[in-house]
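Hi there,

Here is the structure I promised to pass on. Could you have a look at it, and then read my notes below?

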Amino acid sequence: MSRSALLALAVPAAFLVGCGDNKDGASDAGADGNGVCAPTPPEKPSSGVLADPEAIDLGADCVAGGLRTLPGRWWLREKEFTVKNQFDFEYPRFEGDCTQGFRRANWKDEDTDLADGVTYQTWSDGTRFYTRLYNRFDSPQGTFEYADVLDVCMTADGSLAGVHIISQTGRDDQIVTEKGTPFSPHEPEVAKGLSLVGELNTAGIKKQVAYDIAVDGNYAYMASPDGLQIIDITDPTHPTHVHQIPGDLNDITLYRNGAQLIGYGAPFDGQTTQILDLSDPHSAFQVNTIFSYSHTIEITPNTTPPKMYFGNYTDHVPIYDITTPTTPTLIASVPIPGGDVNGIHDTFISGSRIYANKTNDGVYAVDVSSGTATPTLLGHVATEYSHNTYEGVVNGKRIAIHGDEGMTPMGGAYMRIIDAEETSPTFMQVIGTFQTRHEVGIHNMVIKDNKAYVAYYQDGVRIIDLTDPTHPTEVGHYNTFDNDTAPGEGFEGALGLAIVGDLIYVADDLRDLVILRIDPT
């Protein structure tokens, strides 16, 4: 497994006592007579909770004027990777100087007018950088206040010390102590083994946030918070947006029944699952609704009958008969062991075997050949936040690749390789791992031709050779993430992918659809 150490800064001795001096002995512009970086700070928020940046305890000694070295992108995350299900991390880009002060780039505009009940402000005195999103409104129950605050400063070792606080009326404050280290692209070259073919031209339409993607023939279907985006990919060098079905979709799965193409859309925030008639991509429409929540959807089209499986954050996996695709029938609900109240996020189906990613409990493999009411437990791998599993055959050996979501004690979520061969002495045990670096986590993955293809958030698309599953090796990458312009939220970059022939269709939540070609070897 390839892991990089956390980035560190070499801090000059002069920096430890202030901001340092110019080579000619003169102080930097905007610094005081002692060379301390001291821009004139703006007005602090005038009212509400957490309005005073200097009253917040950062739990560390701040270097006076230390933000002189702040500009650039930073990896801000929970200080210790010990809290399960803690997704507090981001990649903000900061800019500024001792004269103008410091701000977060590519972020919200300043808003100090509380007339609409919402303000957003930043503040910096050269030692601390502070942001506050504040909301206040009156109701029959009284005044409600909500504040989301980030406060950071530079420490002597060149890292940031920070605290992230969410405060809201009637609840205890949520406080996360954070650490920040410099962040940059993983390697200088944009691509290796992959070439950019085309990218969705969003001229004239609203740029979409892409969560998931599926491909059928000459069309790609992209799940987004604005519904299903349908894209003509006949010419992959110039993909064209042709239609949109309104909604709020996290996941899209396709089922072709002769000339009929049906899409099943899992909601991002809603409680119902959409059934979409996509037979004519240019006039596709919602044809029906399943009044049941799904977060992810899996289909086995070649079984008798064809079936659909939901990951829905419960401790059961619902199974639907989709013989009549527009009116699925619930035929079973498979109980999955374990005590995690957060339930099942996703599933992968392989014959009579179900892999259930049961959030904080890890991944369970059960067999339903003897009946769905009493499945046989095949094995279990404990993980931090089980998110995605994909099974395949590599060199004649059955393996599964698994990924968590968010942060783990090893940093960002990484790939586990699990022995899925039932007769093996290491069945349902981790036999290999792969991680690009601690700072970035993975999202969705597929196996094709002895390789894993991974949507790796800020590290783009990664190709991992699994020929020796105990020693996975990266053989290709394409960096979709723009280090200069991305807002810097935790979950952004490459999220989903579909492979057709030598083309990879990537759902990127900052770039919409990106089409890559696997270079011949």
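I'll begin with the pocket. The lining of the second largest pocket is made up of 9 nonpolar, 3 polar and 7 charged residues.

Before going on, a word on the model. It is a predicted one, in which local features need pLDDT of at least 70 and side-chain atom pairs count only at pLDDT 80 or more, while totals for chains, interfaces and linings use all residues. Residues are numbered from 1 along each chain as its sequence is written, and side-chain values use heavy atoms, with hydrogens and water left out.

Back to the pocket: the volume of the second largest pocket is about 420 Å³. Of its 19 lining residues, Glu90, Arg104, Trp107, Asp148 and His164 are the closest to the centre. Two or more lining residues come from each of β2 (89-90), β6 (128-139), β7 (142-154) and β8 (160-168), and β7 gives the most, with 3 residues. For the terms, a pocket is an open set of points on a 1 Å grid over the protein atoms alone, where a 1.4 Å probe fits, with protein on both sides within 12 Å along at least five of seven lines; lining residues have an atom within 4 Å of a point. Grid points are joined across faces, edges and corners, and the volume is the space filled by probe spheres set on the points. Strands are DSSP runs (E, at least two residues), numbered from the N terminus.

Next, the disulfides. How many are there by the distance rule? The count comes to 2 disulfides, where a disulfide is a pair of cysteine sulfur atoms within 2.5 Å. With bonded cysteines counted along the chain, the pattern is 1-3, 2-4.

- Cys37 is joined to Cys98, with an S to S distance of 2.3 Å. The link is left-handed, at -120 degrees about the S-S bond. Distant parts of the chain are linked here: Cys37 lies in the segment before β1 (72-78) and Cys98 in the loop between β3 (93-97) and β4 (101-104), 61 residues apart. Cys37 is buried at 1% relative accessibility, and Cys98 is buried at 6%.
- Cys62 and Cys153 have their sulfur atoms 2.0 Å apart in a disulfide. Its S-S torsion is about -75 degrees, so this disulfide is left-handed. The pair again links distant parts of the chain, with Cys62 in the segment before β1 and Cys153 in strand β7, 91 residues apart. Cys62 is partly exposed at 28% relative accessible area, whereas Cys153 is buried at 0%.

Here buried means under 20% relative accessible area, exposed over 50%, and partly exposed in between (1.4 Å probe, protein chains only).

Now some strand pairing. Strands β20, β21, β22 and β23 form an open sheet in that order, with antiparallel pairing. Because β20 (296-300) and β23 (329-335) are at the edges with a single partner strand each, one side of each is left without a neighbour in the sheet. From one strand to the next, the twist averages 25 degrees; axes are lines fitted to C-alpha atoms, and angles run from 0 to 180 degrees between N-to-C directions. Inside this sheet, β21 (residues 307-311) and β22 (residues 316-321) pair over 3 bridges, and Lys307 has Asp321 in β22 as its bridge partner. Two strands pair if DSSP finds at least two bridges between them.

Elsewhere, strand β37 (residues 473-478) runs antiparallel to β10 (residues 191-192), joined by 2 bridges, and it pairs with β36 (residues 461-465) in the antiparallel sense over 5 bridges. His477 in β37 stands opposite Lys192 and also opposite Arg462.

Finally, some backbone details to check. Most residues other than glycine have a negative phi, and most peptide bonds are trans. Thr304 and Pro305 are joined by a cis peptide bond, with omega about -5 degrees, and Pro305 is in the loop between β20 and β21. Thr359 has a positive phi, near 45 degrees; this residue is in the loop between β25 (353-357) and β26 (363-367) and is buried at 0% relative accessibility. Asp449 also has a positive phi, near 55 degrees. Asp449 is in the loop between β34 (445-448) and β35 (451-455) and is exposed, with a relative accessible area of 57%.

Best wishes

Notes: Helices (H or I, at least four residues) and strands (E, at least two) are DSSP runs, numbered from the N terminus. Ala, Val, Leu, Ile, Met, Phe, Trp, Tyr, Cys and Pro count as nonpolar, Asp, Glu, Lys and Arg as charged, and the others, Gly among them, as polar.
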